[in-house]
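Open the model in your viewer and keep the selection tool at hand. This tour tells you what to pick next and what you will find there.

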Amino acid sequence: MLPQLAVNVDFQLPRLADSLDESTVSRWLKKAGDKVSKGEPLVEIETDKVNAELESPVDGVLAEIVVPEGQAAAVGTVIARLTEATGS
């Protein structure tokens with residue numbers, strides 16, 4: 001049996017519309033240290049045109065929140081880091 005390896009995954013703010021260059025983190029639905037499942041809502045973001053929930057891209061742990069609630073971030077900015085367990 002192979003040991004599990006932890007892989008860090010940067011969670012970047014996606015472009016929600018062609019005309020949007022930044023969004024504001026309105027609410028984190030998880031806190032650092034919480035387990036998350038792929039597809040599970042992780043954070044709510046808002047712009048002047050769109051409000052959306054972003055889902056976790058992996059099964060793992062929310063290791064670090066980089067952009068706190070109420071702060072704006074540019075598209076492509078790392079807003080959180082997740083740790084994904086790989087192997088078995």
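Which residues does S23 touch, not counting residues up to four places away in sequence? Select S23 and look around. S23 touches L13, L16, I45, E46, T47, Q71, A72 and A73, where contact means heavy atoms within 4.5 Å.

Before going on, note what you are looking at. This is a predicted model, in which local features need pLDDT of at least 70, side-chain atom pairs count only at pLDDT 80 or more, and totals for chains, interfaces and linings use all residues. Residues are numbered from 1 along each chain as its sequence is written, and side-chain values use heavy atoms, with hydrogens and water left out.

**Stop 1: the whole chain**

Zoom out. The protein chain has zero helices and eight strands. Both kinds of element are DSSP runs numbered from the N terminus: helices are H or I with at least four residues, strands are E with at least two. The order from the N terminus is β-β-β-β-β-β-β-β. Along its principal axes, the C-alpha trace spans about 50 × 25 × 20 Å.

Now colour by burial. Of the 88 residues, 26% are buried. Buried means under 20% relative accessible area, exposed means over 50%, and partly exposed lies in between (1.4 Å probe, protein chains only).

**Stop 2: strand β2**

Go back to S23. S23 sits in strand β2. Is S23 buried or exposed? S23 counts as buried because its relative accessibility is 4%.

Select β7, residues 72-74, next. β2 and β7 pair in the antiparallel sense over three bridges; strands pair if DSSP finds at least two bridges between them. A73 in β7 is the bridge partner of S23.

β2 and β4 run antiparallel, joined by four bridges. Pick R27 here: its bridge partner in β4 is E44.

**Stop 3: strand β4**

Stay on β4 and select P41, which lies in this strand. P41 counts as partly exposed because its relative accessibility is 32%. Leaving aside neighbours within four places in sequence, P41 is in contact with L29, K30, E53, L54 and E55. P41 and V7 are 34 residues apart in sequence and 20 Å apart in space, C-alpha to C-alpha.

How many residues does the hairpin from β4 to β5 run through? Four residues link the two strands. β5 covers residues 51-55, and its antiparallel pairing with β4 has five bridges. Look for I45, which stands opposite A52 in β5.

**Stop 4: the core**

Nonpolar side chains tend to be buried together in soluble globular proteins. Show the largest nonpolar core here, which has 17 residues. Such a core is a set of buried Ala, Val, Leu, Ile, Met, Phe, Trp, Tyr and Cys residues joined through side-chain atoms within 4.5 Å. Those with the most contacts inside it are F11, W28, L42, V43, L54, I79 and L82. Two or more residues come from each of β1 (5-12), β2 (22-28), β4 (41-46) and β8 (78-86).

Finish on F11. Apart from neighbours within four places in sequence, F11 is in contact with L42, V43, L54, E55, P57, T77, V78, I79, A80 and L82.
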